[in-house]
Amino acid sequence: MWKTALKPRWIAGLVFAIAVSGVFVLLSQWQFGRSTQAEIPANPATETAQALTSTLQPGDFFHGSVADQMVTAEGTYDPTKQVLIPGRLHNGKTGYWVVTAFAVKGAPVLSGVGASPETWIPVARGWVADPADAAEPPSGLLELTGRLLPSEAPVPETAPGPGRATAVSVAELINYWDVSSYPGFIAATAEVSAGKDVSAASMDGDLKPLRIGPQPPAQQINWLNLFYSLEWVVFAGFALFIWWRLVKDDYRRDLEDQFDGGEGADSDHHHVPAQTPPAQTQQKVQP
């Protein structure tokens with residue numbers, strides 16, 4: 001079996017192939033990053049607080065365009081209309097959301113059977129680790145600021161128990177409280193009473209603020225860019241394959257040259273003797 005050391009041109013070719021493959025891999029990563037883009041860019045307008053009464057109407061559908069919108073509202077809490085939502089996380093701990101009904105001042109009043117004289121909205125005021133830590137809401141007229149969120153779906157076939165709810169579900173809560181409500185809820189960030197913020201974000205107590213930020217925008221896949229990213233990976237592998245094939249062909253030519261040269265040096269030289277002219281087999285007959 002023929003053995004040979006790596007030739008300098010093979011090493012140089014390998015370095016070049018690796019460099020080209022690295023460029024192709026970087027191009028693949030770039031194309032892959034472009035293949036997943038936000039469907040809708042984050043809207044900074046959601047962080048500018050707007051009046052709840054002009055953002056969403058009671059009795060209407062909750063439109064996706066108002067989700068995550070920071071809103072303000074004036075009104076009062078009803079301490080008798082407060083529930084705990086179990087199974088909520090805060091800094092890795094499981095506890096409860098404290099949700100209280102908030103009567104919105106100046107909100108349209110719904111009509112019909114079962115409509116209440118005031119229009120309410122559930123407000124997630126904060127998080128507690130123990131149900132006993134859920135104190136009553138601040139009293140009096142408040143200026144509420146928070147993030148407007150869509151109603152959650154109730155957990156089916158679950159008995160939450162007295163003073164509990166399975167989720168921040170408007171359909172579930174209006175049955176508990178027997179009130180007319182907006183089709184969503186607010187995660188409170190500020191509760192100002194007589195010029196002082198009395199919310200969980202500003203008070204040091206057992207009630208911890210929720211601090212719910214805007215949800216990330218939906219992602220969509222650009223299949224053309226994804227195909228290009230896979231294509232660059234194939235090119236990277238092809239560059240290494242070309243180097244291997246060139247080295248293989250070069251090595252095979254060296255073997256053929258060595259084989260041909262060795263055969264000429266080691267072979268026996270057979271000399272063919274010169275042919276002598278045939279002897280005269282006939283003699284002259286003497287007369």
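**Figure 1. Arg88 and Trp97, a charge over a ring**. The charged end of Arg88 sits over the ring of Trp97, 4.5 Å from its centre; a charge counts as over a ring if NZ of Lys or CZ of Arg is within 6 Å of the ring centre and within 35 degrees of the ring normal. The model is predicted, with local features requiring pLDDT of at least 70 and side-chain atom pairs pLDDT 80 or more, whereas totals for chains, interfaces and linings use all residues. Residues are numbered from 1 along each chain as its sequence is written, and side-chain values use heavy atoms, without hydrogens and water.

**Figure 2. Lys81 with Trp120 and Asp78**. Lys81 lies over the face of Trp120, at 5.3 Å from the ring centre. Lys81 also forms a salt bridge with Asp78, their closest N and O atoms being 2.9 Å apart; a salt bridge is a side-chain nitrogen of Lys or Arg within 4 Å of a carboxyl oxygen of Asp or Glu. Both Asp78 and Lys81 are buried, where buried means under 20% relative accessible area, exposed over 50% and partly exposed in between (1.4 Å probe, protein chains only). A search of the whole structure finds four salt bridges.

**Figure 3. The aromatic pair Tyr77 and Phe102**. Rings of Phe, Tyr and Trp (its six-membered ring) pair if their centres lie within 6.5 Å, and planes under 30 degrees apart count as stacked, over 60 as edge-to-face and the rest as tilted. By this rule the count is one aromatic pair. The ring centres of Tyr77 and Phe102 are 5.1 Å apart and their planes stand at 70°, so the pair is edge-to-face. Tyr77 belongs to strand S3 (residues 70–90) and Phe102 to strand S4 (residues 93–104), 25 residues apart; helices (H or I, at least four residues) and strands (E, at least two) are DSSP runs, numbered from the N terminus. Tyr77 is buried at 8% relative accessibility, and Phe102 is buried at 0%.

**Figure 4. The salt bridge between Arg147 and Glu47**. The side chains of Arg147 and Glu47 meet at 3.1 Å, N to O. Arg147 lies in strand S6 (residues 142–150) and Glu47 in the loop between S1 and S2, so the bridge ties together parts that are 100 residues apart in sequence. Arg147 is buried, with a relative accessible area of 6%, while Glu47 is partly exposed at 42%.

**Figure 5. Strand S8 with Ala188 and Glu191**. Arg125 forms a salt bridge with Glu191, the closest N and O atoms being 3.9 Å apart. This pair links distant parts of the chain, with Arg125 in strand S5 (residues 119–128) and Glu191 in strand S8, 66 residues apart. Arg125 is buried at 5% relative accessible area, and Glu191 is buried at 3%. Ala188, in strand S8 (residues 184–193), is buried at 10% relative accessibility. Beyond its neighbours within four places in sequence, Ala188 has contacts that include Val123, Arg125 and Leu144; contact means heavy atoms within 4.5 Å.

**Figure 6. Ile242 in helix H4**. Helix H4 spans residues 223–266 and includes Ile242. Ile242 is partly exposed, with a relative accessible area of 35%.
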